[in-house]
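Subject: Two-chain model for your files

Dear colleague,

I am handing over the structure we spoke about, and below it I have set out what was found in it. Please read the notes with the structure open beside you.

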Amino acid sequence: MKQAAGAFIAGAASRLLPPSIPFRFFGAAVAYHLLAWIALFAGAQSVPHFAGGLGWPLAALHLVTLGVLVMTAIGASLQLLPVATRQPVRSQRGPAMIWWLYTPGVAAVALGMGLPAPRLLAGGAVAVVAALGGYALLLARNLVGAKGMPVVVAHGWAALGSLVVVLATALSLACAYLGFSGFGRGMELSLHVTFAAYGFMGLLALGLSYILVPMFALSAAPDERRAWISLTLAVTALLLSAAASSGIAQQPLRMAAIGSGTVAVALHLRLMSVALKTGMRRELGRSFTLVRIAWSLLVVSLVAALGVAMDAPVSGMATLFGILLIGGWLLTFLVGILQRIMPFLASMHAAPSKRLPPTPSSLTAQRPLAIHFVCHLAALALLALAVVTGSEKVASVGALVGCVGAAAFACFFLIVLTRMSAPDLKVGRRQASAG
Amino acid sequence: MNASAPDAPQAQGKRWVEADGVHIDVRGLPPPVPLVAILELVESIGDATPVIVHHERDPQMLYPELAEIGWRAARIDGAPGEVRLKLERVR
């Protein structure tokens, strides 16, 4: 008996979700990426002095965090974890239902913030919390059934714990706009920002990196003991930060949290550096240039966090911290990884063909990615400059450049989809199913 | 073809040569070691010699990498609980 490799990939015991599921999350993330920059352009006059509160800058921030970062994290983790931890996909309907609840929920949250319309915001927040609650259950089920990769699984659990804090504080903050009082806006906001960016998203990014970076660099698995130490220090940093948010010994606890987080990040980056240096594939292209820049900006974000904790006399320090953390670290890392994952997954899904499946490189359009690369970095630099100089014009130009970059990234995504569903591939699929 | 001698211990996976090609057994190795070991072997082969992979699971992340270097995989009969693949150069 001899059968095409992909034929059994598509079998009932497959660990791959149908391509429509991860790609609908990626597609929504790509659309929200563009909308985030448009929202930022609409609120550019408030960007240099942004300190929270309803309006288009807050909408742009949540279009990035919920619309791009979390949206991609859901699609990527639901697809990659079963593959990496050797278990079958248990539910296809669950991820699809989450998408249908989450995607309009994010739109309602963003519109509610931007217009502003607190009732719309609260309705959207309920949908988002319900969808993320469903995602948390799916993720927990994946983690419970995981075989191997204990350190990746532990990152998943820590991210899940952070998600619970993020959801609780998000609901409370949204309700505050309707007049309900919670535990105090300052404490909730501090917990929300820290556990969303460094906790949920940050730990997912670090954990999935232990799968993705060695896979793309074709290197051995990173040293597990050091990865465990890095995770322990990262979780300690989050707990110290949570204690500081309660108001007890605020400054010393925050500084201890930043110290612990910095050592955690240093250990992680050392492991990533070893993977990249020892891998069979040394040339990882533009995508990993973005990843390397993101890693540098993660470190810089911790320096900025120290500046915020010490009340450094720098104008716009908190806003600058936000740009470095969300735009510089998380968004840059994500677009770097995403431009590699999407063609790779598209090729994996194309494998049922009896012919040679399309290569990831043949599915990748380099020109839009080159435009995005320049625009993304220029936009972030311009936004940082706008905050430092207090210039609304520079913020507008930065947002506009970001729009061009996001549009180019959307072109790249559409080209992957078009090439993935090219007629010759469909013929191959029909042959595979008939064979 | 410059694969190693039969039963020579390798850093990553056990390799040996039979009439049907160069075999590599990556069972029991944690990810991404099997992926790296298989690609290392495939890239070391300069001619059309097939590679027979003995795996404990379907190596889904291998297929795009193989396609990128002009190889393809087909499943063949193996022992119960084993996923056995025949890798062949196609260009």
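To begin with chain B, 40% of its 91 residues count as buried, and please keep in mind throughout that this is a predicted model. Chain B is built from 2 helices and 5 strands, which follow one another from the N terminus in the order β-β-α-β-α-β-β. Of the contacts in chain B with a separation of 6 or more, 51% are between residues 24 or more positions apart.

The last part of that order can be described in more detail. Strand 4 of chain B (residues 71–76) and strand 5 of chain B (residues 83–89) pair in the antiparallel sense, over 6 bridges, and within this pairing Arg75(B) stands opposite Leu85(B). The hairpin formed by these strands has 6 residues between them, and Gly81(B) takes a positive phi near 85° there.

Chain A has 14 helices and 1 strand. Its radius of gyration is 21 Å, close to the 22 Å that the globule rule gives for 435 residues, so chain A is as compact as a globular protein of that length. The C-alpha trace of chain A spans about 70 × 45 × 40 Å along its principal axes, and 55% of the 435 residues of the chain count as buried. Residues 24 or more positions apart account for 78% of the contacts in chain A with a separation of 6 or more.

Val151(A) lies in helix 6 of chain A (residues 150–176), and Val151(A) counts as buried because 20 other C-beta atoms lie within 10 Å, where the cut-off for a buried residue is 20 or more. Leaving aside residues up to four places away in sequence, Val151(A) touches Tyr210(A), Glu224(A), Ala227(A), Trp228(A) and Leu231(A). With Ala227(A), the separation from Val151(A) is 76 residues in sequence and 6.9 Å in space, C-alpha to C-alpha.

The largest nonpolar core has 181 residues, and those with the most contacts inside it are Ala36(A), Leu63(A), Val68(A), Leu330(A) and Ile38(B). Helix 11 of chain A gives the most to this core, with 21 residues. Val68(A), again not counting residues up to four places away in sequence, touches Ala29(A), Tyr32(A), His33(A), Ala36(A), Leu63(A), Leu331(A) and Leu334(A).

Where the two chains meet, 31 residues of chain A are in contact with 24 residues of chain B. On the chain A side, the elements that give two or more residues are strand 1 (2–4), helix 1 (5–9), helix 3 (56–84), helix 7 (185–217) and helix 11 (317–350). Helix 1 of chain A gives the most to that side, with 4 residues, and the residues of the side as a whole divide into 21 nonpolar, 7 polar and 3 charged.

A caution on confidence belongs with this. The mean pLDDT of chain A is 88, and 91% of its residues reach 70 or more, but in this chain confidence is lowest in helix 1, at a mean of 35, and highest in helix 12 (residues 366–389), at 97. Over residues 1–13 of chain A pLDDT stays under 50, although the model has 35 contacts beyond four places in sequence for them; over residues 425–435 of chain A pLDDT also stays under 50, with 20 such contacts. Where pLDDT is low, the predicted coordinates should not be read in detail.

With best wishes

Technical notes. Residues numbered from 1 in each chain as written. Chains lettered and ligands numbered in written order. Predicted model: local features only at pLDDT ≥ 70, side-chain atom pairs only at ≥ 80, totals over all residues. Contact = placed C-beta atoms within 7 Å. Nonpolar A, V, L, I, M, F, W, Y, C, P; charged D, E, K, R; others polar. Core = buried A, V, L, I, M, F, W, Y, C linked by C-beta atoms within 7 Å. Buried ≥ 20, exposed ≤ 12 C-beta atoms within 10 Å, placed from the backbone. pLDDT = per-residue confidence, 0-100. Rg over C-alpha atoms; globule rule 2.2 N^0.38 Å. Pairing = 2+ DSSP bridges.
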